[in-house]
Amino acid sequence: MDIMTLQKCRLCGEEKKLIKSHIVPEGFYKKIYDGKRRLFLKSQSRNAIIPMQKGQREELLCKECDSNLIGNKYDKYGIEVIRDGLHIQTLTDYEKEIWVGLDYNKFKIFLLSVLWRAHIAQNFHTGITLEKSIETLIVESIKSGQAPKENVIPIVGLSLVDPQDSDFKCDEIITNGNTYKREGQFNSKTYIIIFGGYAWTFIVPSAEKNDPQENFFLKDNGLMVFPKQNIYEFTPLTQLMKSIYLTNDNFNRINRSNK
């Protein structure tokens, strides 16, 4: 192997050949691929349609960390739960979804690993920058398999709903993520990344006293309650509706909102 191809893996820290790692796992892109497993992004700066295969990837990790640790242990579980509905029992009504039976450690570390990958990525996920202490905590959790307590980087999920297509999940929407202030909260902020039909909200660094979202935190007993959110009234999406499109009728819900 050419020594010049070796780079430092962001997880294990060893000098190895890096592979193209997904930020959001590829399993969540299946709904937006065309027949040739491509998706298309509209670039405003280039005024052109940019084809992309296998979702957004960057050279971040070595093969052992990407596949054996994150992929097989955490991404696999996250995809099976969110996309396939495995391992959990679900209840739903007009206002919310309820998931019971989550493996707290696996699921929280999976979600935190997506946040961390968005942080270290250079090309697409520039809206997410973590403090060094938070990055270190997430890396230690990935390596040890022990997630932080539920009030440390608590995670809230919103079930995205299109009132014009209420029978379908909004799982063709994937965003790069961004940082937001918390209204009325002064010691924390949120990062929001959308994939799988849900807006995953990470409260950093921790919950505040009498936190208004506490009832919706991912709980260490495996419970998670998802309020339902109209996509046309959700700021992280309305900000994007005029700037992000996919060809071949992908993102048809977003396109329709602009007509």
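**Close-up 1. Packing of helix α1 against helix α2 in the predicted model.** In this predicted model, the contact from the α1 side is made by Ile 70, Lys 73, Tyr 74, Asp 75, Tyr 77, Gly 78, Val 81 and Ile 82, which meet Lys 106, Phe 107, Ile 109, Phe 110, Ser 113, Trp 116 and Arg 117 of α2.

**Close-up 2. The kink in helix α1.** Helix α1 covers residues 63-82, and although it has 20 residues, its end C-alpha atoms are only 24 Å apart, whereas a straight helix would reach 28 Å at 1.5 Å a residue. A kink of about 60° is centred on Gly 71, and Gly 71 is itself among the buried residues of α1. Other buried residues of this helix include Cys 65, Asp 66 and Ile 70, as well as Glu 80, Val 81 and Ile 82.

**Close-up 3. The crossing of helices α2 and α3.** The axes of α2 (residues 104-120) and α3 come within 10 Å and cross at roughly 130°, which makes α2 oblique to α3. The crossing in which α2 passes α3 is left-handed. From α2, the residues in contact are Ile 109, Leu 112, Ser 113, Leu 115, Trp 116, His 119 and Ile 120, and they meet Glu 135, Ile 138, Val 139, Ser 141 and Ile 142 of α3. Ile 109, Ser 113 and Trp 116 of α2 take part here and also in the contact with α1.

**Close-up 4. Ile 153, a residue other than glycine with positive phi.** Ile 153 lies in the loop that runs between α3 (132-144) and β8 (155-161), and its phi is near 45°. Ile 153 counts as buried because its relative accessibility is 0%, the cut-off for that term being under 20%.

**Close-up 5. The loop between β11 and β12, with Pro 205 and Asn 210.** Strand β11 (198-204) and strand β12 (224-230) are the elements on either side of the loop that holds Pro 205. The peptide bond leading from Val 204 to Pro 205 is cis, and its omega is near 5°. Asn 210, found in the loop between β11 and β12, has a positive phi of about 50° although it is not a glycine. Asn 210 counts as exposed because its relative accessibility is 67%, and the cut-off for that term is over 50%.

Terms used: Residues are numbered from 1 along each chain as its sequence is written. This is a predicted model: local features need pLDDT of at least 70, side-chain atom pairs count only at pLDDT 80 or more; totals for chains, interfaces and linings use all residues. Side-chain values use heavy atoms; hydrogens and water are left out. Helices (H or I, at least four residues) and strands (E, at least two) are DSSP runs, numbered from the N terminus. Buried means under 20% relative accessible area, exposed over 50%, partly exposed in between (1.4 Å probe, protein chains only). The expected span of a helix is 1.5 Å times one less than its number of residues. The bend at a residue is the angle between axes fitted to the seven residues ending there and the seven starting there. Axes are lines fitted to C-alpha atoms, for helices over the stretch in contact, and angles run from 0 to 180 degrees between N-to-C directions. Angles under 35 degrees count as roughly parallel, over 145 as roughly antiparallel, 65 to 115 as roughly perpendicular and the rest as oblique. A crossing is left-handed if the near helix is turned anticlockwise from the far one by less than a right angle, and right-handed if clockwise. Contact means heavy atoms within 4.5 Å.
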